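Let's take a walk through this protein chain together. Have a look at the sequence and the fold first, and then we'll go from the whole to the details.

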Amino acid sequence: MIKVLVAGIGGASLGTEIMKCLRLAGRYEIIGCDISRYAYGHYAELASKTKVINSDNYAQEVIDFARRGNIDGVIAGAGAPLRILNEKRSYFDEEDIKLIGSNAQTIILAEDKRAVAVAFDEAGILQPKWISPKYAEDERLRSLTGPLIVKPAFGSGASRFVFLVEDAAAAA
């Protein structure tokens, strides 16, 4: 059985959803870790084992835990662990542990929703109309009709600070 460590299992979010998918596949031993002892994934009964990881030296703690546990691969269960662990990708390679996930260039692009939208436009990939206003009185807001989704271009994770509004006035 392949041993996979999911790093970042807080909340009922990406990390625990990854564990659910791995469990459904039926061919993985799932281990989880998080910096919080209160992380949902510790109590979700999806992993054979979980560990609280010290945030002060996060990447090295994950690598050490994975090495001691004979882990085959590590998957980041959230954006922050993904960035931190990806910076140490060469250390995972040295330990012969697969860090499963996007490369640094893809991570940087994906964190900037504006850059992703521009890349989609340039590639001809259809998407909803979007704008990136600089301030609430931006004239381009007037061209929009609702309902609208308002979300920061940076730092909002998958769903934080996302708002559904009915019109451009609410979007402003």
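## The big picture

What you see is a predicted model, in which local features need pLDDT of at least 70 and side-chain atom pairs count only at pLDDT 80 or more, while totals for chains, interfaces and linings use all residues. Residues are numbered from 1 along each chain as its sequence is written, and side-chain values use heavy atoms, with hydrogens and water left out.

Of the 172 residues in the protein chain, 31% are buried. Here buried means under 20% relative accessible area, exposed means over 50%, and partly exposed is in between (1.4 Å probe, protein chains only).The accessible surface of the protein chain comes to about 10,800 Å², with 55% of it supplied by carbon and sulfur atoms. These areas come from the Shrake-Rupley method with a 1.4 Å probe, and for residues only the protein chains shown count as cover.

Contacts are next, meaning heavy atoms within 4.5 Å. Among the contacts with a separation of 6 or more, 52% are between residues 24 or more positions apart.

As for charge, the protein chain carries 21 positive and 22 negative side chains, and the centres of the two sets lie 3 Å apart. Lys and Arg count as positive, Asp and Glu as negative, while His and the chain ends are not counted. Each charge is placed at NZ of Lys, CZ of Arg, CG of Asp or CD of Glu.

## Two helix pairs

At what angle do α3 and α4 cross? The axes of α3 (residues 58-68) and α4 (residues 79-86) cross at roughly 80° and come within 9 Å. That makes α3 roughly perpendicular to α4. On the α3 side, the contact is made by Tyr 58, Ala 59 and Val 62, and on the α4 side by Pro 81, Ile 84 and Leu 85.

Axes here are lines fitted to C-alpha atoms, for helices over the stretch in contact, and angles run from 0 to 180 degrees between N-to-C directions. Under 35 degrees counts as roughly parallel, over 145 as roughly antiparallel, 65 to 115 as roughly perpendicular, and the rest as oblique.

Now for α6 (residues 104-111) and α7 (residues 113-123): their axes cross at roughly 100° and come within 5 Å. So α6 and α7 are roughly perpendicular to each other. Where they meet, α6 brings Leu 109, Ala 110 and Glu 111, and α7 brings Lys 113, Ala 115 and Val 116.

## Residues worth a look

Start with Thr 16, which sits in helix α1 (residues 14-25). Is Thr 16 buried or exposed? With 0% relative accessibility, Thr 16 counts as buried. Leaving out residues up to four places away in sequence, Thr 16 touches Ile 9, Gly 11, Tyr 40, Gly 41 and Leu 46.

Tyr 43 belongs to helix α2 and is exposed, at a relative accessible area of 54%. Not counting residues up to four places away in sequence, Tyr 43 touches Arg 37 and Tyr 38.

Lys 88 is in the loop between α4 and α5, where it is partly exposed at 32% relative accessible area. Setting aside neighbours within four places in sequence, Lys 88 is in contact with Ala 59 and Ile 63.

Two loop residues have a positive phi without being glycine. Glu 45, with a phi of about 55°, lies in the loop between α2 (40-43) and β3 (49-52). Glu 45 is exposed, with a relative accessible area of 66%. Asp 96 has a phi near 60° and is placed in the loop between α5 (89-94) and β5 (98-100). Asp 96 also counts as exposed, at 62% relative accessibility.

## Along the chain and across space

Glu 122 is in helix α7 and counts as exposed at 68% relative accessibility. Ser 143, from the loop between α7 and β6 (148-150), is partly exposed at 44% relative accessibility.

| Pair | Apart in sequence | C-alpha to C-alpha |
|---|---|---|
| Tyr 43 and Ile 9 | 34 residues | 9.9 Å |
| Lys 88 and Gln 60 | 28 residues | 8.4 Å |
| Ser 143 and Val 118 | 25 residues | 19 Å |
| Glu 122 and Arg 68 | 54 residues | 45 Å |

Methods:
Helix = DSSP H or I, 4+ residues; strand = E, 2+ residues; numbered from the N terminus.
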